[in-house]
Amino acid sequence: GLAKAIASPLMEYLIGTVGLVSMFFILAAVYAVMMFVGFLLIKRPAGWVYDPATSHVSRKTILKKPVFWGIWIAFYINITCGLALISQEKDILHDVLKAFPQYDNLSPAKFVAVDSVFNTAGRVGFSTLSDHLKRRETVYQVIFIMSIAVCLLQIFTNSIGNALLWAVLAMLFLVNAGYGGGFSTLPVLLDQHFGTKTVSTTHGLTLSAWAFAGLSGNQLASFVVAHAPDQAHRYAALIPVLTGLFVVALISISLVKYLGDRNVTKAVEDRG
């Protein structure tokens, strides 16, 4: 979550001093050392042995379950919208700040740093909230409802003076918080539906949504912005699209919750 606040200025500094290509070589070396040190620090608890059953999980069975695809779609949309907004946030802030000369001492880069704090807070906050809820899907419902609300707030305040700036900041900060929170609560959601022994497999399969979102998020934002009817405020065309996608994600995760509740009720009736 905080990586953006650290890596972005570092990348800009390296590009300006050693060039783009050399930056990648330097970062590759730094990241390799950091990951290897992290690996050395991870130690298995004394006496811990892996359950052999964890290596015999049927991926076909998981992929045939509608619940899995409901989670996959909701996660995919959350990441797609997060990446779409992140890819445009500097341009969005640049366009908005032009209308407020009284804030000319503030640069988009400063807001981006704050943005990363919200991303981190979302990871910690929503995962903590998840621990206190009976159904893990509820956290995703909260994330999507919050994201829809701040997108609508930005749309309806698009021409209302200072309110526009605060609405844009609320949208950027809270959508980013939900983007981070969706990551941190995913494993426990999968555990609730598929059990602890399959978490690694289901988590890996669900993270394929992140891979596809990595391709579609930025491309979606670029396409919408490039074809916006009002090129003076190009970013504004992106917000209704994100709102619609968040609505689809909310419906998807709500169906997952409904199916989960129905399965729990059926299991109780079977035991009775």
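A: The axes are lines fitted to C-alpha atoms, for helices over the stretch in contact, and angles run from 0 to 180 degrees between N-to-C directions. Before we go on, this is a predicted model, where local features need pLDDT of at least 70, side-chain atom pairs count only at pLDDT 80 or more, and totals for chains, interfaces and linings use all residues. Residues are numbered from 1 along each chain as its sequence is written, and side-chain values use heavy atoms, with hydrogens and water left out.

Q: Okay, so at what angle do α9 and α10 cross?
A: The axes of α9 (residues 199-206) and α10 (residues 208-226) cross at roughly 15° and come within 4 Å. The two helices are therefore roughly parallel to each other.

Q: Which residues make that contact?
A: From α9 you have Gly204, Leu205 and Thr206, and from α10 Ser208, Ala209 and Trp210. Contact here means heavy atoms within 4.5 Å.

Q: How many of them are nonpolar, polar or charged?
A: Three are nonpolar, three are polar and none is charged. In this scheme Ala, Val, Leu, Ile, Met, Phe, Trp, Tyr, Cys and Pro are nonpolar, Asp, Glu, Lys and Arg are charged, and the others, Gly among them, are polar.

Q: Zooming out, how many helices and strands does the protein have?
A: Eleven helices and zero strands. Helices (H or I, at least four residues) and strands (E, at least two) are DSSP runs, numbered from the N terminus.

Q: And how much of the protein is buried?
A: Of its 272 residues, 38% count as buried. Buried means under 20% relative accessible area, exposed over 50%, and partly exposed in between (1.4 Å probe, protein chains only).

Q: How many residues are in the largest nonpolar core?
A: There are 55, and Ile71, Leu85, Phe144 and Phe246 have the most contacts inside this core. α4 (66-98) gives the largest share, 16 residues. A nonpolar core is a set of buried Ala, Val, Leu, Ile, Met, Phe, Trp, Tyr and Cys residues joined through side-chain atoms within 4.5 Å.

Q: What does Leu85 touch?
A: Not counting residues up to four places away in sequence, Leu85 touches Ile92, Met171, Leu172, Val175, Ile239 and Leu242.

Q: Tell me about Met171: buried or exposed?
A: Met171 is buried, because its relative accessible area is 0%. Met171 lies in α7, and beyond four places in sequence it touches Leu85, Val150, Cys151, Gln154 and Ile239. Met171 and Ile239 are 68 residues apart in sequence and 9.5 Å apart in space, C-alpha to C-alpha.

Q: Where is Gln154, then?
A: Gln154 is in α6, and Gln154 counts as buried because its relative accessible area is 1%. Outside four places in sequence, the residues Gln154 touches include Leu164, Tyr235 and Ile239.

Q: What about Ser147, which helix is that in?
A: Ser147 is in α6 (residues 137-156). Leaving aside neighbours within four places in sequence, Ser147 is in contact with Val175 and Phe246.

Q: Last one: is Ile6 buried or exposed?
A: Ile6 counts as exposed, because its relative accessibility is 58%. Ile6 is placed in α1 (residues 3-17).

Key:
Angles under 35 degrees count as roughly parallel, over 145 as roughly antiparallel, 65 to 115 as roughly perpendicular and the rest as oblique.
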